[in-house]
Amino acid sequence: MSRANLNDLQAFVAITREGSFTRAAAQLGVSQSALSHTMRALESRLGVRLLTRTTRSVSPTEAGQRLYQSMAPRFDEIELELAAVSEFRVTPAGNVRIQASEHAANNILWPKLLKVLPDYPDIKVEITVDYALSDIVAQRYDAGVRLGEQVAKDMIAVPIGPSLRIAVVGSPEYFKGRQIPKEPADLSAHNCINLRLPTHGSLMQWDFEKDGHELKARVEGQWTFNSSVPILRAAVAGCGLAFLPEDMVANELAGGSLVRVLEDWCQPFAGYHLYYPNRREHSSAFGVVVDALVYKQ
């Protein structure tokens, strides 16, 4: 088989896996028009339609699904073998893709990898912020970051940070003329800033615990965001109460721009873990990243 045919098959696998010409083109480093031309040429040579295209999605035909199921594992094997060969390099090199929440990306991955990556110019790290707890294997990530209690049992999990604790905070201006909440039920009288999760589009519950008693509160308020940074900004601006990781609001608490409430209802819980599939071979680049992230008490 010619190299061109292999490249065309690789393009087909990427499009099918991503379900999008746009994402596949970005992954392969080519234009969407070039990718469309490649697929038309492949379908013409094979004499069969492989993909069904609509304005919103791309999905394989029956023939395309059969070809994908046959070819995708072979390309995965080739990538693993190439990664194994790269072990013979003196300097670690390769790409590492990690999926994480915004807080983990900003407070764990960024500061730790910033100290290490300048020493390894041939290692490329891609971090995707995702609250949806997506399947890292299906999405072709090398690893993901989740709280310890959320990691699937069939994954290898490595702690990369200390225990976490949530803080319920509001600005001094917000509390003027308002009662300080003493227990979670009091939140019904307050303007709370919500976080909308991508999973089913639901709002995140506020979890509390005291004396072994767990309580989940659904709060309401004027503002809703889909990431934590604007929630912090809104809280400092006096827009309402926020439910954020303790370390994220430490500077604001120390400076007095935020005030903490319900502290006795916010107990520590398992911190972030890097998790990944139990594969026999991992690249040297992946090993460098794991070593840099592992939590050392």
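Each stop below names what to select and what is there.

**Before you start**

This is a predicted model: local features need pLDDT of at least 70, side-chain atom pairs count only at pLDDT 80 or more, and totals for chains, interfaces and linings use all residues. Residues are numbered from 1 along each chain as its sequence is written, and side-chain values use heavy atoms, with hydrogens and water left out.

**Stop 1: the whole chain**

Show the C-alpha trace. Along its principal axes it spans about 75 × 45 × 35 Å. Switch to cartoon: the chain has nine helices and 14 strands. Helices (H or I, at least four residues) and strands (E, at least two) are DSSP runs, numbered from the N terminus. Of the 297 residues, 39% count as buried. Buried means under 20% relative accessible area, exposed over 50%, and partly exposed in between, with a 1.4 Å probe and protein chains only. Now consider contacts, meaning heavy atoms within 4.5 Å. Among contacts between residues at least 6 apart in sequence, 73% join residues at least 24 apart.

**Stop 2: helix α9**

Select residues 284-293, helix α9. Is this helix enclosed or open? Eight of its ten residues are buried, so α9 is largely enclosed by the rest of the structure. The buried ones are Ser284, Ala285, Phe286, Val288, Val289, Val290, Ala292 and Leu293. What covers them? The cover includes helix α5 and the strands β3 (94-100), β4 (123-129), β5 (143-147), β6 (156-159) and β14 (272-276).

**Stop 3: α5 against α9**

Two packed helices are described by the angle between their axes and the distance between the axes. Axes are lines fitted to C-alpha atoms, for helices over the stretch in contact, and angles run from 0 to 180 degrees between N-to-C directions. Show side chains. From α5 come Ile108, Leu109, Lys112, Leu113 and Val116; from α9 come Val288, Val289, Ala292 and Leu293. By class, this contact has eight nonpolar, no polar and one charged residues. Ala, Val, Leu, Ile, Met, Phe, Trp, Tyr, Cys and Pro count as nonpolar, Asp, Glu, Lys and Arg as charged, and the others, Gly among them, as polar.

**Stop 4: aromatic rings**

Rings of Phe, Tyr and Trp (its six-membered ring) pair if their centres lie within 6.5 Å; planes under 30 degrees apart count as stacked, over 60 as edge-to-face and the rest as tilted. By this rule there are five aromatic pairs.

Select Tyr174 and Phe175. Their ring centres are 5.4 Å apart and their planes stand at 75°, so the pair is edge-to-face. Tyr174 and Phe175 are both buried.

Next, select Tyr276 and Phe286. This pair is edge-to-face too, at 5.0 Å centre to centre and 85° between the planes. Tyr276 sits in strand β14 and Phe286 in helix α9, ten residues apart. Both Tyr276 and Phe286 are buried.

Then select Trp206, Phe208 and Phe243, which form one aromatic cluster.

**Stop 5: a charge over a ring**

Select Arg97 and Tyr141. Arg97 lies over the face of Tyr141, at 4.2 Å from the ring centre. A charge sits over a ring if NZ of Lys or CZ of Arg is within 6 Å of the ring centre and within 35 degrees of the ring normal.

**Stop 6: two positive phi values**

Most residues other than glycine have a negative phi. Select Arg140, in the loop between β4 and β5. Its phi is positive, about 65°. Move to Asp211, in the loop between β9 (206-210) and β10 (213-217). Asp211 has a positive phi near 55°. At 76% relative accessibility, Asp211 counts as exposed.

**Stop 7: Glu214**

Glu214 lies in strand β10. At 60% relative accessibility, Glu214 counts as exposed. Which residues does Glu214 touch, not counting those up to four places away in sequence? Look for Phe208 and Glu209.

**Stop 8: Tyr68**

Finish in helix α4 (residues 62-85), where Tyr68 is found. Tyr68 counts as buried, at 17% relative accessibility. Beyond four places in sequence, Tyr68 touches Phe12, Val13, Thr16, Arg17 and Pro73. Tyr68 and Val288 are 32 Å apart, C-alpha to C-alpha.
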